[in-house]
Amino acid sequence: MANAYFLMLSILQAIPATSVTDGTPSLLLPLIIVVVASMVKDFIEDRKRQSSDKYENHSKVLALDDTGTFATKKWRDLQVGEIVKITRDSQFPADLMLINSSAPKGICYVETKNLDGETNLKYKIARKETADITKSEASLKDFSATIMCEMPNPSLYNFEGALRMNDEVIPLLSLIHI
């Protein structure tokens with residue numbers, strides 16, 4: 001909005017009857033410099049983001065295949081609803097629902113510094129209903145459920161959703177399960 005203000009002043013400066021600079025738009029050069037610098041900065045940031053996205057999309061993940069075993073796959077080839085296996089200290093560039101964990105009581109710890117800058121670990125707990133069904137990797141092949149969730153929004157800390165599994169609707173809490 002500030003740039004629009006200075007553009008308007010430059011236009012008014014170009015009119016000799018309303019200008020104290022005899023029709024010379026003296027604000028136009030600084031405005032052009034600021035706009036071009038802003039464009040260059042945005043271009044550089046977009047290129048860095050694009051490079052980072054490309055790197056993440058080409059990184060590997062273990063995804064459950066049709067035979068019921070985990071196979072290596074690129075993140076970019078992953079489809080919504082696929083089951084993935086996240087190993088200790090690995091990064092994942094996606095929204096995931098915790099089905100089970102190798103830790104007692106289905107607990108895992110997640111660092112979210114890439115989202116919110118916080119470096120402390122947040123704990124997530126698998127729903128008892130999904131943890132009981134998926135105690136072994138072999139049982140994952142027959143696992144079927146539907147996640148019902150709200151439309152995408154900018155809120156990182158609020159999520160409204162439910163898991164439908166075997167005609168049962170199980171609420172999902174954003175701070176604990178997602």
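Strands are DSSP runs of E with at least two residues, numbered from the N terminus. The legends below describe close-up views of a predicted model.

**View 1. The second largest pocket and its lining.** This pocket has a volume of about 150 Å³. Lys60, Val61, Trp75, Ser90 and Gln91 are the closest to its centre among the 13 residues that line the pocket. Strand S1 (60-64) and helix H2 (28-58) each supply at least two residues of the lining. With three residues, S1 gives the most to the lining of the second largest pocket. Sorted by class, the lining has six nonpolar, four polar and three charged residues.

**View 2. A nonpolar patch on the surface.** The patch is formed by Leu7, Met8, Ile11, Leu12, Ile15, Leu28, Ile32, Val36, Val40, Phe43 and Ile44, which together have about 950 Å² of accessible area. Helix H1 (2-13) and H2 are the elements that give two or more residues to this patch. H2 provides the largest share, six residues. Leucine 7, one of the patch residues, is found in helix H1. Its relative accessible area is 41%, so leucine 7 is partly exposed.

**View 3. Lysine 41 and glutamate 45 in helix H2.** These two residues form a salt bridge in which the closest N and O atoms are 3.7 Å apart. Because lysine 41 and glutamate 45 are four residues apart in helix H2, about one helical turn separates them. Lysine 41 is partly exposed at a relative accessible area of 43%, and glutamate 45 is also partly exposed, at 37% relative accessibility.

**View 4. Aspartate 46 and arginine 49 in helix H2.** A salt bridge joins the side chains of aspartate 46 and arginine 49, at 2.8 Å from N to O. The two residues are three apart in helix H2 and therefore separated by about one helical turn. Aspartate 46 has 42% relative accessibility and counts as partly exposed; arginine 49, at 46%, counts as partly exposed too.

View 5. The side chains of arginine 76 and aspartate 77 meet in a salt bridge of 3.8 Å, N to O. Aspartate 77 is partly exposed at 37% relative accessibility, while arginine 76 is partly exposed with a relative accessible area of 46%.

**View 6. Asparagine 114 in helix H3.** Asparagine 114 lies in helix H3 (residues 113-116). Its relative accessibility is 68%, so asparagine 114 counts as exposed. The C-alpha atoms of asparagine 114 and proline 93 are separated by 9.3 Å, with the two residues 21 apart along the chain.

Technical notes. Residues numbered from 1 in each chain as written. Predicted model: local features only at pLDDT ≥ 70, side-chain atom pairs only at ≥ 80, totals over all residues. Heavy atoms only, no water. Buried < 20%, exposed > 50% of the residue type's maximum accessible area, 1.4 Å probe, protein only. 1 Å grid on protein atoms, 1.4 Å probe; cavity = no way out; pocket = protein on both sides within 12 Å on 5 of 7 lines; lining within 4 Å. Points joined across faces, edges and corners; volume = space filled by probe spheres on them. Nonpolar A, V, L, I, M, F, W, Y, C, P; charged D, E, K, R; others polar. Patch = residues over 30% accessible without salt bridge, like charges linked within 9 Å, V, L, I, M, F, W, Y side chains within 5 Å. Areas by Shrake-Rupley, 256 points an atom, 1.4 Å probe, with all protein chains shown as cover. Salt bridge = Lys/Arg side-chain N within 4 Å of Asp/Glu carboxyl O.
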